[in-house]
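Hello,

Here is the structure I promised to pass on. My notes follow below it.

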Amino acid sequence: MAGARVSPPVVVAIALPLLLALVVAGLAVWARLTTGPDTGPLELPAQAAPQASSTSCDAVLRALPLGLPGDTGDLSPREVDPPVPGARAWVAEPEPVVLRCGTERPAELGPTSPLIVVNGVSWLPLATPQGALATTYAVVDRGVYLELSAPAETGPGPLQAVSDAVVDALPPQPVRVR
């Protein structure tokens with residue numbers, strides 16, 4: 001059958017689904033590359049933060065820079081709606097960076113808890129639920145507790161910038177393990 005001709009309707013029947021598959025795949029890639037992170041208002045889940053409206057939290061929030069440094073450039077602020085006392089958010093992927101001030105004492109904090117010191121501030125890594133896209137750390141050496149959640153893709157910049165604001169606003173205190 002060497003030299004057999006394929007009729008034009010057969011060629012179209014084969015080529016059309018292939019062309020359609022290529023167009024759909026191309027649109028999916030284009031959409032993924034052009035959508036970027038969500039920048040709209042962010043609704044935060046409820047979380048106990050008994051000191052969120054304290055003067056200590058107000059001082060930290062005033063000391064924060066407008067944008068946070070990230071590995072891919074500055075992270076711009078993101079509106080929290082409805083507003084949550086003591087909370088701030090920044091645009092990042094795959095999810096936003098979120099700071100909450102005045103939170104409760106972390107349950108993970110104990111005498112042998114591994115702390116990370118960033119720019120003079122002691123942070124406790126909190127338990128990360130399976131499938132979470134961000135890691136949460138808690139400031140444990142100040143008069144109020146703060147929690148910062150950030151995806152790994154942002155790099156260390158958010159922790160460093162928040163640490164600088166904490167140092168500027170709040171004096172260090174011994175870590176209260178119990």
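**Around Arg142**

Arg142 touches Gly120, Val121, Val166, Val167, Leu170, Pro171, Pro172, Gln173 and Arg176, leaving aside residues up to four places away in sequence. Contact here means heavy atoms within 4.5 Å.

Before the rest, the ground rules. This is a predicted model, where local features need pLDDT of at least 70, side-chain atom pairs count only at pLDDT 80 or more, and totals for chains, interfaces and linings use all residues. Residues are numbered from 1 along each chain as its sequence is written, and side-chain values use heavy atoms, with hydrogens and water left out.

Back to Arg142. The residue is in the loop between β8 (135-139) and β9 (145-150). Strands are DSSP runs of E, at least two residues long, numbered from the N terminus. Arg142 is buried, at 3% relative accessible area. The classes are buried under 20%, exposed over 50% and partly exposed in between (1.4 Å probe, protein chains only).

β3 (residues 77-78) and β4 (residues 87-90) run antiparallel, joined by two bridges. Pairing requires at least two bridges found by DSSP between the strands. Arg78 stands opposite Ala89 of β4.

On to β5 (residues 97-103). Four bridges join β4 to β5, and these strands run antiparallel. Ala89 has Val98 as its bridge partner in β5. Six residues separate β4 from β5 in their hairpin.

**Backbone points to check**

There are cis peptide bonds in these loops. One joins Asp81 and Pro82, with omega about 5 degrees. Pro82 lies in the loop between β3 and β4. Another runs from Glu93 to Pro94, with omega near 5 degrees. Pro94 sits in the loop between β4 and β5.

Then Asn119. This residue is not a glycine, yet its phi is positive, about 50 degrees. Asn119 is in the loop between β6 (116-118) and β7 (121-125). Asn119 is partly exposed, at 40% relative accessible area.

Best wishes
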